[in-house]
Amino acid sequence: MKTFFPSESCKGPQLNAFDPQSWLQVERGKLSKFSSNSSSSSSIESFIKAPEPPVLPFFKPVDYVEVLAQMHEELESCSPQERSNLYLLQFQVFRGLGEVKLMRRSLRSAWLKASTVHEKLVFGAWLRYEKPGEQLIADLLTSCKNCVEEFGTIDISSELQIDSSLNSHETVTENNKSRKVVFTIGNEKIICDRQKIAALSAPFRAMLNGCFAESLCLDVDLSENNISPSGMRAVSEFSKTGNISKLVSPNLLLEILVFANKFCCEKLKDACDRQLASLVSSIDDAIELMEYAIQENSPVLAASCLQTFLRGLPDCLNDDRVVEIFSHADIEQRLFIVGPASFSLYSLLSEVSMNLDPCSDKTVCFLQKLVESAETNRQRLFACHQLGCVRLQRKEYEEAESLFEAALGLGHVYSVCGLARLAYIKGHNKLWSYDKLSSIISSNPPLGWMFQERSLYSEGEKKIEDLKKATELDPTLTYPYMYRAASSMIKHNSEAALSEINLILGFKLALECLELRFCFYLALEDYRKAICDVQAILTLSPDYRMLGGRVAASQLRTLVREHVENWTTADCWMQLYDRWSSVDDIGSLSVIYQMLESEPAKGVLYFRQSLLLLRLNCPDAAMRSLQLARQHASSDHERLVYEGWILYDTGHCEEGLKKAEESIKITRSFEAFFLKAYALADSSLDPNSSQVVGLLQDALKCPSDRLRKGQALNNLGSVYVDCGKLDLAADCYINALNIRHTRAHQGLARVHYLKNDKTAAYEEMTKLIEKARNNASAYEKRSEYCERDLTKADLEMVTRLDPTRVYPYRYRAAVLMDNHKDKEAIAELSRAISFKADLHLLHLRAAFHEHTGDVLRALRDCRAALSVEPTDQEMLDLHSRVNSHEP
């Protein structure tokens, strides 16, 4: 979900009377320290509170590895018509795990394997929705003479082929009847070829050549058949040529369509259907014509209208007329509008609607249709759970309970969270919910969310123990950190509070955690650090609302800023330089946000912002910043560089290279040469290292600031290392360090190691660890340059600082396996696999299972790993080998 799905606690009474100005007085120092005033302490508790985690509207199987393996097995043997739905469910599994890249890959697979035009429309629209800015990329590709728009408009008419039986004219026996027939419509007479009209359909053939009275008449009155003289002339022309004139108006086409349906003129109807479909150019057109398409059973027109609606997402769902079409469609109409892709369509519409407003009536309507469209138990349990979450948010407790029970009954154990919340809300004591969760824990493999949920219904040591266990099983859950941090802050232990919240912010940039830390700094009256966090929040989500959605983050920033001394432009650059050098990415983001208010050269700043966001693993926000950089570019050559990066970052390396070359032709600039070197090094066109070296040297000769020159020197050093020119590489890294490019320590350590000086490499990485604010990767790299005991200690530190990094788990498991501790080795890998779907972890565990002779578990892990990365050759080989041993 793109928006925050709020928990019940966010709506609690403790925030109703919140007034930011009451504790942000304009006069500095007027707000007393929270530790010295009991009433202030009470006020602080009203906003320093970890909101209960929401019941997420996601598919969260207890054993996602087993589910992925089952899906992979089904994909190997299912019919082509079933594949897209299986990939959609795979997408839902990855969404429950928070694996954004894997989600999009599954959606793309669903689109590629679509067996009908309707599936192509739905999944193409979904990919466009998940990847905003697609039109800009298509335009940029067009400017590079590459006109491919991957999820562009589909030619519906060519996709829905004409029924071959409609193309053959039936031979009509004349039986000595007149060649002419005159159709009277009102006061006008239209002369037609009797046999040509008779050939249009069986009813006309019976009328004009059969036993009806009209077969003996020259004149036939059609005045009561809702066809105008103009319409009949067009029908006559079609009977002779097989075509409808492009000059026929849309209204006349609709008239002919109705007439063709009435007289069963299938070929005429198909021609009208296709011509009307080609005229759909706006949402208003689609709304008007969809009604006719349904009434007159016109599949091409209906698909064209559907395409227009889907390409208008999300905005078109703000139009009640569009919502009415989708929400009022019965089973037969849904089958006509979207064919067999009904579940996929309502999955998409529900997703978009929940992101707009999870509690709206249209969201409920779409989710009800989703439940109706479900054909398998997996689809049904997911749809029931999702609708249950929305009903819970709307306080429709009876309906929510029955939906959660249905989902749980179908095997979705996570839905027990909804039932536990409802039991407590409806007046049961906490013991019932606690016991319910305890029963789930005892009868299933333990997962982090189970203990997190149970902690909501206990107090004291029991609660702390459950939260500790939740973090141990799934360190990516934010609530346990937030609760522990808030509890420490309320107990006036600010050091412990900040240490706890910084722990998760070190590897997961969660907005709710930044918000809580912002509140801590407010309580401590450290307004400089508070504004740093709120500016980072606004960079990531400009419309973010804080404190349960009651206050805009931008409003709080305005209030806090009154307590912070303004920095000059020179101050800002110095602060950015310091933070960039200390690898303080959040601090750097904040400084850039502040600079954007006053600096005229916004393009450069947005570009820097995008680089930081990529480092922080926020690709969507990074792309948004890159597009803003392009929008605010001060010159053509600067704009071309940003366009090149947009293309490069979206996988269009060769086109990005062309943009760099265009920019260099206008002006030789650092960024243009840097982009060209970067793209060339990654391009299949010319991976020539000497050319990359030359380009980086050209970049260094151009004017730029030390931040970017340090990066260029670092990259140049890496190229020299790859070429075996270690002394030149060392010079580059030392020069980079001289201008405080801290990350160059890692490159210099590599040079020492390649020169067989492991001690110097270790010391170099130690310097990086001491300087860098975020240093989990530095500990991981240093572990390669020391003895086993120190390696183990460093990797334990990596897991503590960033438990999502997989190398430490793999290393520890390999050591255990070497020591013949098979079960412990597999358990070490399973610890990480339970919360992170990673190819390397699954691959290694599959190999361990194979080694111990557990073929079925090895095969399960192979299949799950191939769901994560279907083209990995080593995994394919292992899968083939293990599959051959299956009993």
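Biologist: Which exposed residues sit on the face of α23 turned away from its buried side?
Modeller: Leu-431, Ser-442 and Ser-443 are the exposed residues there. Keep in mind that this is a predicted model.

Biologist: And which residues of α23 are buried?
Modeller: Ser-433, Tyr-434, Leu-437, Ile-440 and Ile-441. They cover an arc of only 120° around the axis, which places them on the same side of α23.

Biologist: Why would that spacing put residues on one side of a helix?
Modeller: An α-helix has 3.6 residues a turn, so residues three or four places apart point the same way.

Biologist: What do the buried residues of α23 pack against?
Modeller: Three helices: α22 (416-425), α24 (448-455) and α25 (460-473).

Biologist: How far apart are the end C-alpha atoms of α23, and what span should its 14 residues give?
Modeller: The ends are 20 Å apart, and 14 residues (430-443) at 1.5 Å a residue should span 20 Å, so the two agree.

Biologist: Nice. Zooming out, how many helices and strands does the protein chain have?
Modeller: The chain has 49 helices and five strands. Of its 887 residues, 54% count as buried. The C-alpha atoms fill a box of roughly 105 × 75 × 70 Å along the principal axes.

Biologist: What share of the contacts comes from residues 24 or more positions apart?
Modeller: Taking contacts with a separation of 6 or more, those residues account for 61%.

Biologist: On to the sheet. What is the order of its three strands?
Modeller: The order is β2-β1-β3, in an open sheet with mixed pairing. β2 (188-193) and β3 (219-221) are at the edges with a single partner strand each, so one side of each has no neighbour in the sheet. On average, neighbouring strands are turned by 30° against each other, direction ignored.

Biologist: In what sense do β1 and β2 pair?
Modeller: They are antiparallel, with six bridges between β2 and β1 (residues 180-185). Val-182 has Ile-191 as its bridge partner in β2, and Ile-185 stands opposite Glu-188.

Biologist: What's in the turn between those two strands?
Modeller: β1 and β2 form a hairpin with two residues between them, and Gly-186 in that turn has a positive phi of about 65°.

Biologist: Which helix packs on this sheet?
Modeller: That's α11 (residues 229-241), which touches β1 and β2. The direction of α11 makes about 10° with that of β2.

Biologist: Changing topic: which residues other than glycine have a positive phi?
Modeller: Leu-547 is one of them, with phi of about 55°. Leu-547 lies in the loop between β4 (545-546) and β5 (551-552). Another is Arg-740, with phi near 65°, in the loop between α40 (726-738) and α41 (744-754).

Biologist: Is Leu-547 buried or exposed?
Modeller: Leu-547 counts as buried because its relative accessibility is 6%, and the cut-off for buried is under 20%. Arg-740, at 38%, counts as partly exposed.

Biologist: Where is the cis peptide bond?
Modeller: The cis bond runs from Leu-313 to Pro-314, with omega near 0°. Pro-314 is in the loop between α15 (299-311) and α16 (320-327).

Biologist: What is Met-546 in contact with, beyond its neighbours within four places in sequence?
Modeller: The list is Glu-515, Phe-518, Val-534, Ile-537, Val-551, Ala-553 and Leu-556.

Biologist: One last thing: where does Asp-584 lie?
Modeller: Look in the loop between α31 (569-581) and α32 (585-595). At 9% relative accessibility, Asp-584 counts as buried. Leaving aside neighbours within four places in sequence, Asp-584 is in contact with Arg-579 and Arg-773.

Methods:
Residues numbered from 1 in each chain as written. Predicted model: local features only at pLDDT ≥ 70, side-chain atom pairs only at ≥ 80, totals over all residues. Heavy atoms only, no water. Helix = DSSP H or I, 4+ residues; strand = E, 2+ residues; numbered from the N terminus. Expected span 1.5 Å × (residues − 1). Buried < 20%, exposed > 50% of the residue type's maximum accessible area, 1.4 Å probe, protein only. Arc of directions from axis to C-beta. Contact = heavy atoms within 4.5 Å. Pairing = 2+ DSSP bridges. Axes fitted to C-alpha atoms, helices over the stretch in contact; angles between N-to-C directions.
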